[in-house]
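Have the viewer open as you read, and take the points in order.

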Amino acid sequence: MTANDMTEKVDVLCIGAHEDDIDYTVGGTVALLASQGYRLHILDLTVREGMYFSEEEERDREAQKAADILGVTRSNLDLGLLKLENTYENRVRIADEIRRMMPEVLITLDADESHPDHHVAHQLVLDAWHCAYSTAIQTERQPWYVKG
């Protein structure tokens with residue numbers, strides 16, 4: 001699923017740098033919330049192409065299978081593996097996704113991680129969260145404030 005395919009409002013938006021970050025860091029919480037009827041979406045910022053030993057198609061299937069097991073939807077912005085940068089353009093793209101999905105809660109990676117994409121993703125998501133509710137940032141969608 002691409003990021004623009006999902007148009008339904010979600011309760012919780014989980015944003016990770018890679019296709020398995022949310023699954024292995026807060027997968028239990030995600031599954032619990034989904035089982036309680038909350039609508040969740042996982043937004044991956046990069047595709048793990050060339051990083052691990054499995055083929056891209058296999059990784060895509062694994063990511064989708066994980067989403068199915070967790071009971072959530074998933075999409076990927078493909079912002080560049082090991083090239084993830086906190087740029088204005090990336091902040092606006094993520095902010096636009098936040099505005100489109102209108103979550104009540106936003107979950108992302110901890111800042112204290114060793115992977116360079118994780119460091120960047122943490123700050124990038126926090127900055128995008130501010131952009132999502134700023135009227136100074138113009139996108140196709142209205143500003144949205146995530147409460148938690």
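1. Start with Lys 9, which makes a salt bridge to Glu 104; their closest N and O atoms sit 3.2 Å apart. Lys 9 belongs to the segment before β1 and Glu 104 to the loop between α3 and β4, so this pair ties together parts that are 95 residues apart in sequence. Keep in mind that you're looking at a predicted model.

2. How exposed are the two partners? Lys 9 is partly exposed, at a relative accessible area of 24%. Glu 104 is partly exposed as well, with a relative accessible area of 24%.

3. Next, go to Arg 74, which forms a salt bridge with Asp 23, the closest N and O atoms being 2.7 Å apart. This pair also links distant parts of the chain: Arg 74 is in strand β3 (residues 73–76) and Asp 23 is in helix α1, 51 residues apart. Is Arg 74 buried or exposed? Its relative accessibility is 5%, and the cut-off for buried is under 20%, so Arg 74 counts as buried.

4. Now look at Arg 141 and Asp 96, whose side chains meet in a salt bridge at 2.6 Å, N to O. Here the link runs from the segment after α4, where Arg 141 lies, to helix α3, which holds Asp 96; the two are 45 residues apart. Arg 141 is partly exposed, with a relative accessible area of 23%, whereas Asp 96 is buried, at 14%.

5. Back to Lys 9 for a moment. Salt bridges with shared partners join Lys 9, Glu 104 and Lys 147 into one network. If you're keeping a tally, the count of salt bridges comes to seven.

6. Helix α4 deserves a look of its own.

7. Which residues of α4 are buried? They are Asp 117, His 118, Ala 121, His 122, Leu 124, Val 125, Ala 128, Cys 131 and Ala 132. When you read that list, remember that an α-helix has 3.6 residues a turn, so residues three or four places apart point the same way.

8. Last, what covers those buried residues of α4? The cover includes two strands, β1 (12–16) and β4 (105–108), along with the helices α1 (21–35) and α3 (88–101).

Conventions. Residues are numbered from 1 along each chain as its sequence is written. This is a predicted model: local features need pLDDT of at least 70, side-chain atom pairs count only at pLDDT 80 or more; totals for chains, interfaces and linings use all residues. Side-chain values use heavy atoms; hydrogens and water are left out. Buried means under 20% relative accessible area, exposed over 50%, partly exposed in between (1.4 Å probe, protein chains only). Helices (H or I, at least four residues) and strands (E, at least two) are DSSP runs, numbered from the N terminus. Contact means heavy atoms within 4.5 Å. A salt bridge is a side-chain nitrogen of Lys or Arg within 4 Å of a carboxyl oxygen of Asp or Glu.
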